[in-house]
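Welcome to this guided tour! Please open your viewer, and we will go from stop to stop, selecting as we go.

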Amino acid sequence: MEPVLSIQNLHQTFEAGTINENHVLKGIDLTIQPGEFITIIGGNGAGKSTLLNSIAGALPTKNGKILLNGADISKQSVIKRAKSISRVFQDPKLGTAVRLTVEENLALALKRGKSRGFGLAVKQKNRPFFKEQLATLNLGLENRLTAEIGLLSGGQRQAITLLMATLERPDLILLDEHTAALDPKTSITVMGLTDRLIKENQLTAFMVTHDMEDAIKYGTRLIMLHQGNIVVDISGEEKAHLTVPELMELFQKNSGSELKDDQLLLK
């Protein structure tokens, strides 16, 4: 089976050749198979966001390769990759067009990766489909199609952003600490929704998180970064029975460093 994503010897260095040079990613090799839900965790500065931004195309790939379904996308722009890669950001405001209505945002999501022209964004025939999809969120949003999305709560907007990211099934969905800006109760709701959408749509997902408990609870595979290297990579039964103390012990054993309490959030 061909991997959805293959990262080969990826390096990312900021301000190279200066006194502030920072070698963030140090030869990352990673293969993601279809249907894998990977949670990725690490302390501040470990390289989590840099890795995700490299996959999305927000950071250029100068050293190494990124392959999507076997095709080299290393030099592709964010826009080009967006046809196959969806992304949900930490800030709920970044995933939607705030002055547009709920249905207008969903109409935009339906057009991801397709040619666009002039015409009505929202077609009457799509409204029943939008209502049906919103009803699956169990938030009563199916009755708010014409509401301006900027007036909704952060949790409601993030739920819609998740729906938008999966409406046209992507090859890969990137979740960039997408519950970090939400209150604890809403975070639990959105994480449950995330897990359900990924499973029901059989998506391949890559979720960056600061929360070790979420990294253990969700997904099929857990990867831990430290100083730009993968130091933990576990899946299957080993991950299913993992505890937070065991993860911290595994990190210390593989990295030779002690994980301080303030480097990761524990709920």
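Which residues does Ser257 touch, not counting residues up to four places away in sequence? Select Ser257 and look around: with those neighbours left out, Ser257 touches His226, Phe251 and Gln252. Before going further, keep in mind that this is a predicted model.

**Stop 1: Ser257**

Stay with Ser257 for a moment. Its place is in the segment after α9, the helix of residues 244-255. With a relative accessibility of 23%, Ser257 counts as partly exposed, because that value falls between 20% and 50%. Ser257 and Lys123 are 134 residues apart in sequence, and from C-alpha to C-alpha they are 56 Å apart in space.

**Stop 2: the sheet of four strands**

Next, select strands β1, β2, β4 and β5. They make an open sheet with antiparallel pairing, in the order β2-β1-β4-β5. At the edges stand β2 (22-32) and β5 (71-72); each has a single partner strand, so one side of each is left without a neighbour in the sheet.

What holds neighbouring strands of a sheet together in a pair? Strands pair through backbone hydrogen bonds, and the pairing can be parallel or antiparallel.

Colour β1 (residues 5-14) and follow its pairings. Eight bridges join β1 to β2, and these two run antiparallel. Here you can find Ile7 opposite Leu30 in β2. Five bridges join β1 to β4 (residues 63-68), again with the strands running antiparallel. Two pairs to click on here are Ser6, whose bridge partner in β4 is Leu67, and His11, which stands opposite Asn63 in β4.

**Stop 3**

For an example of parallel pairing, zoom in on β6 and β7 (residues 172-176), which share four bridges. Within this pair, Val88 has Leu175 in β7 as its bridge partner.

**Stop 3**

To see the contact, show the side chains of Phe129, Phe130, Gln133 and Leu134 on α4, along with Ile160, Leu163 and Leu167 on α5. By class, this contact of α4 with α5 has six nonpolar residues, one polar residue and no charged ones.

Now bring in α6, residues 184-200. Helices α5 and α6 pack at about 10°, with their axes 10 Å apart. That angle makes α5 roughly parallel to α6. Among the residues making the contact are Leu162 and Leu163 of α5, and Val190 and Thr194 of α6. The residues of the contact of α5 with α6 divide into six nonpolar, five polar and no charged.

Is Thr194 buried or exposed? Its relative accessibility is 2%, so Thr194 counts as buried. Leaving aside its neighbours within four places in sequence, Thr194 is in contact with Leu162, Leu175 and His178.

**Stop 4: two loop residues**

Finally, select Asn138, in the loop between α4 and α5. Asn138 is not a glycine, yet it has a positive phi of about 60°. With a relative accessible area of 65%, Asn138 is exposed.

End at Gln202, in the loop between α6 and β8 (205-208). Gln202 has a positive phi of about 50°, although it is not a glycine. Gln202 is exposed as well, with a relative accessible area of 57%.

How values were computed:
Residues numbered from 1 in each chain as written. Predicted model: local features only at pLDDT ≥ 70, side-chain atom pairs only at ≥ 80, totals over all residues. Heavy atoms only, no water. Pairing = 2+ DSSP bridges. Contact = heavy atoms within 4.5 Å. Nonpolar A, V, L, I, M, F, W, Y, C, P; charged D, E, K, R; others polar. Buried < 20%, exposed > 50% of the residue type's maximum accessible area, 1.4 Å probe, protein only. Axes fitted to C-alpha atoms, helices over the stretch in contact; angles between N-to-C directions. Parallel < 35°, antiparallel > 145°, perpendicular 65-115°, else oblique.
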